[in-house]
2 protein chains.
Amino acid sequence: MIEMSESYLPIQLKAKILREKHKLLPNIMKLSRIDCWLIFVRETSTTPDSAMNFVVGSEVVAQSAFIFIMKKDIVRKIAIVGNFDADTERNKGIWDEVIGYDLGINASLQAKIKEFNPSKIALNYSLDDYSSDGLTHGMFLVLEEILSEFKDRFVSAQPIVNTIRSIKSETEIGLIKQACQLTEEINEKITAILDVGQRETEIQAKFHEEVNVRGFGFSWPRVQNPAIDAGKDKDYGHVLPQETNFTVEGQTLHNDFGIKCHGYCSDLQRMWFFGKKNELPDELRHAMDTVLEAIQLAAKKIKPGLQGYEIDKLARDYIISQGYEEYKHGLGHQVGIMAHDGGCMFGPLWPRYGNAPKQVIEVGQVFTIEPNVKTKNHGMVSMEEMVVVTPTGCEFLVEPRKDFIYIH
Amino acid sequence: MIEMSESYLPIQLKAKILREKHKLLPNIMKLSRIDCWLIFVRETSTTPDSAMNFVVGSEVVAQSAFIFIMKKDIVRKIAIVGNFDADTERNKGIWDEVIGYDLGINASLQAKIKEFNPSKIALNYSLDDYSSDGLTHGMFLVLEEILSEFKDRFVSAQPIVNTIRSIKSETEIGLIKQACQLTEEINEKITAILDVGQRETEIQAKFHEEVNVRGFGFSWPRVQNPAIDAGKDKDYGHVLPQETNFTVEGQTLHNDFGIKCHGYCSDLQRMWFFGKKNELPDELRHAMDTVLEAIQLAAKKIKPGLQGYEIDKLARDYIISQGYEEYKHGLGHQVGIMAHDGGCMFGPLWPRYGNAPKQVIEVGQVFTIEPNVKTKNHGMVSMEEMVVVTPTGCEFLVEPRKDFIYIH
């Protein structure tokens, strides 16, 4: 049996992801007109550079340089690491060259850069984009010393880092799908023991037990994962599970739940109703149908080449057309090694989302679709599904829910 | 029941640690002659600054500044955060002032620095010390723009960050002690099911089950945690648990195991012998006695004001005096939110340890003591205990082991 855990990813699967991601590099480097990408790190368990997940795939201790140099459309890949880490890199089989050092990295790094003499040296820093900003300032200063004669060639690697993270490989999509399935398994298991009169905190604790026993991690901090919202008066997304708030006959329960397994995340919202289907208030029926239809409309519109805000607008306009206030956030975000994975989002053109909703949808990106509405008398209704972008549209990662789950 | 997990720390306990750490600041800032420490971060779940664990204690999303300014021996503490994060900071009760912003941080940050006009502005970057290097280069550039008229006052905050991390507060020591106790609980539980003919991988899987079911995390990556070494031919510390290596009658089993609970780590080594005490080979008896005595000698010598290498030398010399080769690593390292927590170490004055063994031992630091020896015919013997430095010496965090655990 393969062990499931937040962090454990079988080495063969990890290597497969790295090879898949490396295959994207020639095209990405060509489009971004960067002929050298240099990742420079040390002690990555304390100061990680999240870009390493996609092209290096392990931790290092001593100062290490991972260099991708393009000459004539071919990317040459070089790892310069402390001797203690060298075998790990060699065994991956993803590097054209692994150079181990004992005393210091300076000589090997200088020699390689001189040998290839790139026109630019792209480093992982960015003023705007946090997920491309993994290089620490101390390590930048170290690099300025080592490569002092090249420092006027330093540029931001943001275009490379954004794209390599955002476009999920086949194996990554498989892992995200698996995380979604495992999330639904836990949702089903908890469904069987839900009842009226349960505290929100008590329900969250049951979810935590199921996550713990399976060795999974959480897509976001467990104190708010899953979010648990019982009854008509709860304001979703802002209030933690309460000791003093209970599930009530004739009212709803909502969760927002994401697990992390093998390093990849899920993020799904589900809803329960305490009562029979024919006892569901009309307001809740209409609200749920509106949310489900908004999800379907968005999913049908998604395709590569559109901008993120176009998807948000369709769902938002539909919800307003049904007599509800618009939701106060974006319709969806990307998911990957983090629940909020950055890059293009399905969001309105509000200042707080910056450039993200204007970015273009690409094949292989994984998004949530999560509209919600507020009813007059029965509280909020919210659902969240996940999709992967295909060449012609998108596919749901797990079967989308078609209604409340009825507990009676 | 308080939930146990890697990351969950009850909010009151977290707040207590923050208050304890803040109390250290006036003295630390005075000794390091720094009148302003500025932590500048964003989206800390992707690009964390580990120093935040000790003085902020939560994640932030938008650009945030945490400022500690000393005037006349009093430290004033100010948090400038996005409005979405402002209530979290206010509720902690650790800030003299919390400023929330909607549009951007620039105006508030500039105003506060102008108001106090510090002579230095210490930032979390360091060329030498990775654990003081949490500021990303992109954020440094952002800060240079915002505080352009103060940028010649920027200095490294390394002296502050090192000390605030290294000196454990009462609550932190309690949590590390708890992690040690829980580790021993699992060791005891596994002892009951150990037998000859078990694979190393199988034994590791049993430890993983026990960790998972309790919701703990691992002090270092689980693939090598616990290290499991069966029999006389295993080279500790370099080879993962093997499918093809079994526990054997008349031979030893060794583990190196650390869990993380409530954010704090343990790191302990234990040994088992498959046979009765009177069947133990003389070589193993002598090796174990030597290791145990080396630990006791080191523990008796430890006191504030000594340098780390003095402790290592005592244990190392003793082991050589007993006819063994010296161990090929340091005698001990600090433990805290990481298994290797940086700062002063008990190590020899070898180039690879840099300045760490020369640093001075201080009250409140937590160290491992982990000597090992190699016998001629029966493999290695290694044990690891953890101690906290007191004003007059040190105390063990759990009762030190006095022998192998005998399985028969």
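Predicted model: local features only at pLDDT ≥ 70, side-chain atom pairs only at ≥ 80, totals over all residues.
## An enclosed helix in chain B

Helix H6 of chain B, which spans residues 158-166, is largely enclosed by the rest of the structure, because eight of its nine residues are buried. The buried residues are Gln158(B), Pro159(B), Ile160(B), Val161(B) and Asn162(B), together with Ile164(B), Arg165(B) and Ser166(B).

Around these buried residues of H6(B), the packing partners within chain B are helix H1 (11-31) and helix H2 (52-55), along with the strands S1 (36-41), S5 (121-123) and S6 (154-156).

## Nonpolar cores

The largest nonpolar core comprises 62 residues, and those with the most contacts inside it are Ile176(B), Ala179(B), Val291(B), Ala298(B), Val381(B) and Val387(B). To this core helix H9 of chain B (residues 282-301) gives the most, contributing seven residues. Another core, of 61 residues, lies apart from it and includes Phe257(A), Met271(A), Ala294(A) and Tyr324(A).

When neighbours within four places in sequence are left aside, Ile176(B) is in contact with Lys168(B), Tyr264(B), Cys265(B), Ser266(B), Val335(B), Gly336(B), Val366(B) and Leu397(B).

## Where chains A and B meet

Between the two chains, 34 residues of chain A are in contact with 33 residues of chain B. On the side of chain A that touches chain B, helix H5 (137-146) and helix H8 (200-214) of chain A each supply at least two residues, and H5(A) gives the most, with six residues.

Key: Residues numbered from 1 in each chain as written. Chains lettered and ligands numbered in written order. Buried ≥ 20, exposed ≤ 12 C-beta atoms within 10 Å, placed from the backbone. Helix = DSSP H or I, 4+ residues; strand = E, 2+ residues; numbered from the N terminus. Contact = placed C-beta atoms within 7 Å. Core = buried A, V, L, I, M, F, W, Y, C linked by C-beta atoms within 7 Å.
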